Amino acid sequence: MTVAQPHAGWVGRSIRRVEDPTLIAGSGRFTADLPATYRVRFVRSERAAGRISKIHVPDGATVITATDLANVKPIRPMLHKFDYVPVGQPVLAVDQVRFVGEPIAAVVAASDAEAEDIAEAIEVEIEDQPAAVDARAALAADAPRVHSEVAGNIIVKGAVETPGFADARARADRIVRLELRSRRQNAMPLEPRGGHAAFDPGSGRVTLTCSTQMPHLTRTAIADLLGMPETDLRVVAPDVGGGFGQKMSLAGEYVLLVWLARKLRSSVAWHEDRRENLIAAFHSRDQFIEIEGAFDRTGKLLALAADVIANVGAYSCFPTTCAVEPLMAMAELPGPYDVRAYRCTARGVVTNTCPMAPYRGVSRPVITFALERLMDRAALEFGIEPSEIRRRNLIETFPYKSATGLIFDEASYRQTLEMAVAAIDLPAFRARQQKARACGKYLGIGFSAFSERTGYGTPAFAARGMEIIPGFETVDISMDPSGLIEARIGASPHGQGLRTTLAQIIADEIGVAPDRIRVTHGDTDRTPYGFGTFASRSAVIAGGASLLAAQKVRIKLIKIASLLLEAAPDDIVLEAGAAKVAGTDRSIAIEALARAAYHQVHRFKGEIEPGVAASATYDPAGTFANACHVTIVDVDPETGQVRIENFIAAEDAGRLINPMIVDGQIHGGIAQGIGNALLEEIVYDQTGNILTSTLADYLPPTAHEIPPIELHHLETVSDASITRAKGVGEGGAIGAPAAVINAINDAIAPFGAEINEIPATPQRIRAAIQAASQRAEQRA
Amino acid sequence: MSDKREITLIINGRSYAVRVEPRRTLVDAIREECGQTGTHIGCEHGVCGACTVLLEGAPVRSCLMFAVQAAAKEIRTVEGLGSPENLNPLQRAFMEHHALQCGFCTPGFLMLVTGVLEREPDISDDELIDVLASNLCRCTGYQNIIKAVRAVAHDMRQARSTASA
């Protein structure tokens with residue numbers, strides 16, 4: 001392993017974010033800040049499954065229903081593999097409703113209040129049909145069908161078995177099996193979704209401003225569905241109040257806004273309220289996993305098998321399709337462990353619930369939870385420390401080709417484990433735990449080692465069989481005649497501080513301070529086509545494209561300086577805002593080079609093109625960041641209450657471009673992971689009615705529930721990323737649930753109790769302890 | 001529903017004569033009638049605190065109040081703290097400690113903390129956590145918000161003890 005060396009430039013420094021001053025002063029510009037002539041309110045289904053028999057609309061009201069949208073295509077993303085069955089989601093329900101919250105009609109009025117009054121007065125008659133809610137129940141032969149074309153409610157099915165799997169499993173000394181359940185969650189950005197579409201009578205174009213992570217794909221999707229040229233639609237992502245994946249899937253509501261703006265030749269806005277967000281803005285992580293590990297007598301994992309059932313809800317999200325959870329589970333379940341024999345089946349099951357879409361980490365928080373529970377259970381059965389069984393199984397040589405064919409680049413799985421073990425002082429904790437138990441206090445420790453696949457380009461997405469293959473990013477850099485540098489990017493940050501991070505990368509190449517660089521994003525009229533910000537990709541891919549484009553600008557500036565300073569290009573260095581002839585006092589300011597590039601081109605005698613502009617695209621194969629989390633919890637067996645004492649993450653995301661920003665990403669991910677592990681759950685009743693429609697029901701964590709988080713970094717240099725940075729956006733959320741649940745299980749082990757469900761609420765922990773005591777009594 | 005009332009909202013020392021329905025929430029009036037969009041709407045259920053403003057010096061959820069209830073009272077919003085070019089010490093601490101990412105919850109946190117530190121300058125570090133648990137942030141994991149606020153509270157206490165010494 002090579003570790004990054006200290007770097008004498010802007011990269012590696014925790015400079016303060018250029019994004020901050022306007023946001024802190026309340027001068028940010030979010031979608032809901034724009035005035036609109038009309039406001040839209042959606043009438044949504046109150047039934048999980050049924051046929052719409054009549055919609056009663058008050059006289060004089062402007063109400064749009066499916067009959068008005070005959071020329072609008074349904075959202076129908078496609079996957080060409082894994083027996084995927086395409087299903088269409090109409091923008092407004094056509095005859096049939098399939099989940100509580102599905103839009104049926106859209107009211108247009110002059111104000112939100114007026115639109116809400118009209119919406120209240122609309123009566124929708126629905127003939128109830130039986131609903132499929134739970135994914136396992138939906139697989140039963142007599143279960144209601146959600147879509148007639150989806151047999152058995154299985155919309156996608158993947159299976160993998162490595163050659164020789166059965167032989168490897170047969171050689172095992174011990175088979176360890178677990179059944180795990182991850183309940184449904186909502187990414188819950190603090191700003192709900194929202195859109196504002198404005199028609200320009202002069203050009204005939206529409207500008208859609210919306211809270212999205214992917215402006216270009218939003219433009220593509222809406223133009224396709226409405227049958228209009230893409231160029232006639234401009235999509236703007238202004239300041240976006242968090243996304244976490246929920247805003248990387250197309251909102252059907254935005255399609256309607258653009259349609260309305262064209263029809264009304266005016267501006268229309270819709271701002272999702274929190275209830276709509278919780279019931280209808282995409283859910284995630286609703287999975288059952290059965291996992292089995294076959295170990296030899298030393299605790300080495302010989303074979304791994306799993307069955308994954310993902311409840312994907314009523315429709316399929318654009319662009320990833322609803323296959324993203326089950327297929328990612330199948331591809332990445334072996335995680336950071338060296339296991340050659342692997343068998344997995346993964347099914348996506350449609351139900352009468354809100355559609356599933358990516359949420360920070362996608363399936364990996366769930367599969368890491370499953371695999372790390374398996375490791376802890378195995379450690380218990382072998383009578384060794386959880387850290388020891390991981391030590392015996394983590395990948396240590398690179399590049400490593402996984403059982404599913406993924407190439408793991410240089411990383412530090414073992415080293416981060418050892419860092420975590422040392423930081424937590426494991427022997428001291430075990431001694432304290434023994435003493436505490438003697439006093440009726442139940443402490444537990446939980447580890448979670450994992451890999452985070454990041455920064456993958458088109459090859460990885462193509463392997464999934466997607467119709468629309470995201471992956472590359474383009475960055476256009478130009479210098480204006482005054483010498484200010486602008487980088488226009490296709491990525492679309494929404495809180496990650498990417499404008500600061502990319503400016504640091506570019507600054508080092510061009511030899512100027514980051515405050516001389518403006519990074520422009522989130523406007524399809526101004527930025528090159530790109531795929532947006534998701535999947536921990538932007539620092540790697542937009543960062544790589546920024547580096548490549550900046551290198552071209554650097555070469556151009558050196559060429560101009562060489563001519564103006566009458567020196568060889570090799571002798572010119574760009575630093576501190578000037579081009580200098582090395583070893584002399586001759587220099588020229590960058591601003592003067594810019595001026596010459598536009599206004600004194602005659603001096604170039606045709607040898608240099610006018611202007612300073614360069615474009616570059618980066619489309620990498622992908623890389624793996626990694627980390628080991630460890631946490632200590634205190635469980636009250638009487639109440640099931642869990643208090644997290646501390647949380648340590650030893651992580652390796654390659655080179656840290658801005659360590660302050662990286663730490664912030666990890667803090668935020670871990671906090672979401674803790675919320676997912678202990679508190680957050682979307683609950684449906686048996687009829688498909690949703691019971692969690694306020695944040696007071698959904699329970700995102702507050703400052704009370706999140707303990708101090710201690711971070712340790714390693715910076716492994718990998719050739720898989722040209723900036724040497726690996727992605728870091730999702731890791732915190734991927735690892736934390738497993739660490740917390742392992743710690744709870746360690747704490748309640750003296751009761752013979754075990755919990756394999758997230759969130760591990762006090763009720764569930766109590767129930768696990770009670771069940772264990774009953775088992776003990778029956779044995780006695 | 002459309003009987004509008006004429007009221008005056010006093011926001012950051014400036015008077016706004018507005019006509020609102022009695023059911024108009026304070027946050028809607030601040031944002032739409034008065035054009036002060038720094039105060040954000042996160043849930044409209046009084047849970048997330050993104051809409052927190054100061055009313056007569058006390059932090060309130062402006063989504064849970066009607067605008068008419070705030071008539072002629074002193075309202076303070078994030079726009080009154082400091083401009084991007086001239087941030088106040090609390091705002092600077094948020095920047096220094098990286099206490100924001102997407103920035104959507106930030107105005108609510110700033111107003112919450114401003115109100116509490118003005119009334120209880122000697123608040124303990126632990127009590128500050130209780131206060132900060134009033135509002136939700138989905139990005140930061142609260143680590144850096146806590147650091148920023150503790151640093152400002154500490155600086156304020158030190159400044160007062162220096163002044164009184």
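Q: Axes are lines fitted to C-alpha atoms, for helices over the stretch in contact, and angles run from 0 to 180 degrees between N-to-C directions. In this predicted model, at about what angle to β8(A) does helix α9 of chain A run?
A: Helix α9 of chain A covers residues 364–382. It lies across three strands of that chain, β8 (174–182), β13 (287–295) and β29. Relative to β8(A), the helix runs at about 145°.

Q: Which strands stand at the edges of the open sheet in chain A?
A: The sheet has 6 strands in the order β7-β15-β14-β13-β8-β29, with mixed pairing. A strand at the edge has a single partner strand, so one of its sides is left without a neighbour in the sheet. The strands in that position are β7 (154–161) and β29 (757–758) of chain A.

Q: Which residue of β15(A) is the bridge partner of Ala306(A)?
A: Strands of a sheet pair through backbone hydrogen bonds, either parallel or antiparallel. Strand β14 (residues 301–313) and strand β15 (residues 341–350) of chain A run parallel and are joined by 10 bridges. Within β15(A), the partner of Ala306(A) is Cys344(A).

Q: Which residues does Val258(A) contact, leaving aside its neighbours within four places in sequence?
A: Contact requires C-beta atoms within 7 Å. On leaving aside the neighbours within four places, the contacts are Ala197(A), Val206(A), Leu208(A), Ile222(A), Leu226(A) and Leu233(A).

Q: How many residues of each class lie on the side of domain 1 of chain A that touches domain 2 of chain A?
A: Domain 1 of chain A comprises 20–27 + 472–618, and domain 2 comprises 34–125 + 193–271. Their centres, taken over C-alpha atoms, are separated by 38 Å. The contact takes 15 residues from domain 1 of chain A and 17 residues from domain 2 of chain A. By class, the domain 1 side has 4 nonpolar, 9 polar and 2 charged residues.

Q: In chain B, which element gives the most to the side of domain 1 that touches domain 2?
A: Chain B is divided into domain 1 (5–80) and domain 2 (89–164), with 22 Å between their centres over C-alpha atoms. The contact takes 17 residues from domain 1 and 15 residues from domain 2 of chain B. With 3 residues, the element that gives the most is β3(B).

Q: Which helix supplies the largest share of the side of chain A that touches chain B?
A: The contact between the chains takes 43 residues from chain A and 45 residues from chain B. The chain A side divides into 20 nonpolar, 15 polar and 8 charged residues. Helices α1, α2, α17 and α18 of chain A each supply at least two residues of it. The largest share, 6 residues, comes from α17(A).

Q: Is Thr584(A) buried or exposed?
A: Thr584(A) is placed in the loop between β23 (578–581) and β24 (587–589) of chain A. Because Thr584(A) has 10 C-beta neighbours inside 10 Å, it counts as exposed.

Technical notes
Residues are numbered from 1 along each chain as its sequence is written. Chains are lettered from A and ligands numbered from 1 in the order in which they are written. This is a predicted model: local features need pLDDT of at least 70, side-chain atom pairs count only at pLDDT 80 or more; totals for chains, interfaces and linings use all residues. Two residues are in contact if their C-beta atoms, placed from the backbone, lie within 7 Å. Domain bounds come from an automatic or database domain assignment. Ala, Val, Leu, Ile, Met, Phe, Trp, Tyr, Cys and Pro count as nonpolar, Asp, Glu, Lys and Arg as charged, and the others, Gly among them, as polar. Helices (H or I, at least four residues) and strands (E, at least two) are DSSP runs, numbered from the N terminus. Two strands pair if DSSP finds at least two bridges between them. A residue is buried if 20 or more other C-beta atoms lie within 10 Å of its own, exposed if 12 or fewer, and partly exposed in between; C-beta atoms are placed from the backbone.
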